[in-house]
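Thanks for asking me to look this one over. My notes follow the model itself, point by point.

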Amino acid sequence: MMPHDDEPTTLVVVRTFDASAAELFEAWTESSLLTQWLAPGALRVTHASADARPGGEYRIVAVDPLGTEHVTTGEYLEVVPGSRLVQTWVYHGHPTIERYFTRLTVEFRETSADSTELTIRQELLLTPMDREGNRYGWRLCLDKLEGLLRR
């Protein structure tokens with residue numbers, strides 16, 4: 001059964017990558033790799049730190065072409081290497097609230113030795129419009145991740 005958006009404020013994105021679950025998991029948890037893909041479109045990551053263990057924290061700073069910083073922070077709630085990440089996802093700088101708190105679950109399911117299905121589930125989004133905006137943003141980030149994994 002294919003995962004789907006359960007409600008207007010939950011987003012589910014599924015994508016298959018030509019990479020092992022271990023490689024994909026590393027791209028989600030290693031600071032040096034996060035800097036190469038975890039910002040949508042023309043944004044670029046200027047700082048990434050990740051302490052991928054339960055209770056560990058992460059911080060991503062991205063800059064858009066106009067020089068505006070976009071900061072995301074959070075805490076890892078669950079870390080199962082090569083299989084699953086659950087973390088808070090807090091965006092600082094939303095137009096209507098200072099700290100936009102959501103919950104992110106990322107699952108890695110190997111479909112063969114060199115292919116992995118990635119499922120992102122982002123919960124607690126404020127509106128259906130936010131859900132669709134995040135869907136677009138994740139697509140752009142995952143395009144960059146795919147490019148990184150091809151190198």
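1. The largest nonpolar core has 35 residues; such a core is a set of buried Ala, Val, Leu, Ile, Met, Phe, Trp, Tyr and Cys residues joined through side-chain atoms within 4.5 Å. Among those with the most contacts inside it are Trp-28, Trp-37, Phe-108 and Leu-145. Leu-145 is in contact (heavy atoms within 4.5 Å) with Phe-17, Leu-24, Ala-27, Trp-28 and Trp-37, leaving aside neighbours within four places in sequence.

2. A word on the basis: this is a predicted model, where local features need pLDDT of at least 70, side-chain atom pairs count only at pLDDT 80 or more, and totals for chains, interfaces and linings use all residues. Residues are numbered from 1 along each chain as its sequence is written, and side-chain values use heavy atoms, with hydrogens and water left out.

3. Thr-105 sits in strand β6 (residues 99-112). Is Thr-105 buried or exposed? Its relative accessibility is 8%, so Thr-105 counts as buried (under 20% relative accessible area, with exposed over 50% and partly exposed in between; 1.4 Å probe, protein chains only). Beyond neighbours within four places in sequence, its contacts include Arg-84, Val-86, Ile-120 and Glu-123.

4. Strands β3 (residues 57-63) and β4 (residues 69-80) pair in the antiparallel sense over seven bridges. Val-63 has Glu-69 of β4 as its bridge partner.

Note on methods: Helices (H or I, at least four residues) and strands (E, at least two) are DSSP runs, numbered from the N terminus. Two strands pair if DSSP finds at least two bridges between them.
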